[in-house]
Amino acid sequence: MESITYDILIRGGTILTMDDAMQVLEGFEIAILNGKIVALQTEGNSQTSAAQIIDARGCIVIPGLINAHSHLPMTYFRGLADDLPLNIWLNEYIWPLEAKLLKRDFIFDAALHGASEMIKNGITMTHDMYFDMPAIADACSKAGLRALIGEAIIELGDVSDDSLNFIGSKMIEQKAAYSSNPLIDFNLSPHAIYTCSRKTLERCAEVALQNDILLHMHLSESDTEVDNCIKQNGLRPVHYLKEIGFLDCRNIFAHGILINEEEMEILAQSHSSIAICTESNLKLCSGIAPLKAYHDHGINTCFATDGVASNNNLDLLAEMDITAKLHKTVNNDPAFLPAAETLKMATRNAARALGVFDKRGSIEIGKDADITILALDELNSQPIYNPYSHVVYALGARAVRDVIINGKAVLRDRKLVNVDESELIATAKRYKSIVSKELAR
């Protein structure tokens with residue numbers, strides 16, 4: 001038999017495949033070639049060799065985590081306006097600062113910092129919403145992070161026919177420009193009901209249907225948002241979106257805190273998912289998403305960090321931990337959202353939400369080689385009885401040892417491969433002085 005030389009072999013470890021059967025494999029190796037998982041085979045096959053062998057003995061191997069809603073360029077706003085309600089945080093701090101500071105260099109540098117932070121936290125793909133899509137795309141490409149990047153749409157006045165017709169044109173241009181980049185794709189991200197007119201949302205839906213793309217929007221994040229939607233449109237947010245044809249598209253909605261039973265019944269009949277942002281919502285005192293009700297209605301749910309400015313981290317492992325514990329208490333049911341189901345939300349469910357489950361979300365032959373390896377070499381990692389439980393409740397981001405994205409190692413032995421972490425930190429400190437000067441004005 002002719003020997004095969006792979007790009008990477010991951011040997012050993014406890015492999016949580018997250019496949020349909022939820023197989024847990026011991027004594028196996030994962031063979032990677034040309035960015036894909038091409039074999040799952042028992043260890044010690046003498047016919048195989050690889051350019052790079054990663055020893056995962058004493059580790060847990062999982063599909064790369066998928067962050068379903070983020071704002072990468074807000075990384076440099078971490079901690080500058082904490083302990084405030086959402087409306088004050090947005091209107092008096094974030095939006096004024098963005099108006100002054102958002103230039104391409106700022107967006108690129110902040111996005112590079114955030115993308116690198118995500119990789120160190122075991123995240124292999126993010127779904128981002130912000131401005132200057134090429135700057136974010138270039139930053140993610142440099143770090144090695146996979147990204148679906150939304151063309152953020154916020155209205156700043158009356159909407160002309162010309163501006164309506166222009167919606168989606170940037171996104172289509174960027175899809176063409178980056179078509180050869182396997183890490184990057186683009187979609188449309190109308191910010192919210194309260195920042196986009198009916199005509200704009202209708203146009204977004206038209207563009208999405210014409211181009212078969214996913215729509216990405218904040219939804220029902222605050223009482224004010226819901227109350228104003230009822231006052232202005234005579235309908236609750238989900239009913240309003242159904243009326244204007246928005247729900248005819250594939251959607252992912254961030255937050256979804258204040259959605260009632262009737263709205264859930266509508267969402268369950270649509271191609272919609274909810275990205276749960278527990279830490280951000282708790283910190284801004286926005287509320288707690290009705291996660292059990294979503295599950296009871298069969299609505300797909302996944303995890304997201306939101307932006308660093310409101311979280312203040314990009315740690316999906318932390319999101320899993322706090323969400324599972326919080327919703328056990330909220331529902332008075334310690335058996336709700338067990339660890340394996342929680343990990344599904346960060347892998348399989350998120351891939352489904354983003355329309356990429358045929359490519360990602362599990363460790364299976366033929367799928368993209370997006371893999372995270374968690375070390376079990378610290379006191380908090382031993383002893384281990386249930387690997388799912390360990391991933392969700394015990395390990396945390398400091399256990400992330402290696403990350404592979406598109407068949408390339410982007411984190412090895414906890415060190416970033418493509419960027420210099422010390423340079424990232426120095427750049428962040430430089431921008432801190434710039435932001436601080438603007439805050440003082």
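Reader: Hi! Where is His255 found?

Author: Hello! His255 is found in strand β13, residues 250-255. Strands (E, at least two residues) and helices (H or I, at least four residues) are DSSP runs, numbered from the N terminus.

Reader: And what kind of model is this?

Author: This is a predicted model, in which local features need pLDDT of at least 70 and side-chain atom pairs count only at pLDDT 80 or more, while totals for chains, interfaces and linings use all residues. Residues are numbered from 1 along each chain as its sequence is written, and side-chain values use heavy atoms, with hydrogens and water left out.

Reader: Thanks. Back to His255: what is its phi?

Author: His255 has a positive phi of about 90°, although it is not a glycine. Most residues other than glycine have a negative phi, and most peptide bonds are trans.

Reader: Is His255 buried or exposed?

Author: His255 is buried, with a relative accessible area of 0%. Buried means under 20% relative accessible area, exposed means over 50%, and partly exposed is in between (1.4 Å probe, protein chains only).

Reader: What about Arg414, what is its phi?

Author: Phi of Arg414 is near 70°, a positive value in a residue other than glycine. Arg414 sits in the loop between β18 and β19, and it is partly exposed, with a relative accessible area of 26%.

Reader: Which peptide bonds are cis?

Author: One of them runs from Asn311 to Asn312, with omega near 15°. Asn312 is placed in the loop between α12 (308-311) and α13 (316-330). Another joins Gln382 and Pro383, where omega is about -5°. Pro383 lies in the loop between β16 (371-375) and α16 (387-395).

Reader: New topic! In what order do the seven strands of the open sheet come?

Author: The order is β3-β2-β7-β16-β17-β18-β19, and the pairing is mixed. The edge strands are β3 (24-26) and β19 (415-416), each of which pairs on one side only. Two strands pair if DSSP finds at least two bridges between them.

Reader: What holds strands together in general?

Author: Strands of a sheet pair through backbone hydrogen bonds, either parallel or antiparallel.

Reader: Do β2 and β7 pair in the parallel or antiparallel sense?

Author: Strand β2 (residues 14-16) and strand β7 (residues 59-63) pair in the parallel sense over two bridges. Thr14 stands opposite Ile60 in β7.

Reader: And are β17 and β18 parallel or antiparallel?

Author: β17 (residues 400-405) and β18 (residues 408-412) pair in the antiparallel sense over three bridges. Val403 has Leu411 in β18 as its bridge partner. Their hairpin has two residues between the strands, and Asn406 there takes a positive phi near 55°.

Reader: How many bridges link β18 and β19?

Author: Two bridges, in the antiparallel sense. The partner of Leu411 in β19 is Leu416. The hairpin of β18 and β19 has two residues between the strands, and Asp413 takes a positive phi near 50°.

Reader: Now helices. At what angle do α1 and α17 cross?

Author: The axes of α1 (residues 86-101) and α17 (residues 421-440) cross at roughly 115° and come within 11 Å. Axes here are lines fitted to C-alpha atoms, for helices over the stretch in contact, and angles run from 0 to 180 degrees between N-to-C directions.

Reader: Which residues make the contact?

Author: Tyr93, Leu97, Lys100 and Leu101 of α1 meet Ile434, Val435, Glu438 and Leu439 of α17. Contact means heavy atoms within 4.5 Å.

Reader: Is Lys100 buried, exposed or partly exposed?

Author: At 41% relative accessibility, Lys100 counts as partly exposed.

Reader: Which residues of α9 are buried?

Author: In α9 (residues 261-268), Glu263, Met264, Ile266 and Leu267 are buried. Seen down the axis of α9, they fall within an arc of 160°, so they line one face of the helix. The arc is that of the directions from the helix axis to the C-beta atoms. The buried residues of α9 pack against α8 (237-243), β13, β14 (271-276) and α11 (291-296).

Reader: Last one: where is Thr342, and what is it in contact with?

Author: Thr342 is found in helix α14, residues 339-346, and it is buried at a relative accessible area of 0%. Leaving aside its neighbours within four places in sequence, Thr342 is in contact with Phe303, Met320, Ala324, Leu337 and Val392.
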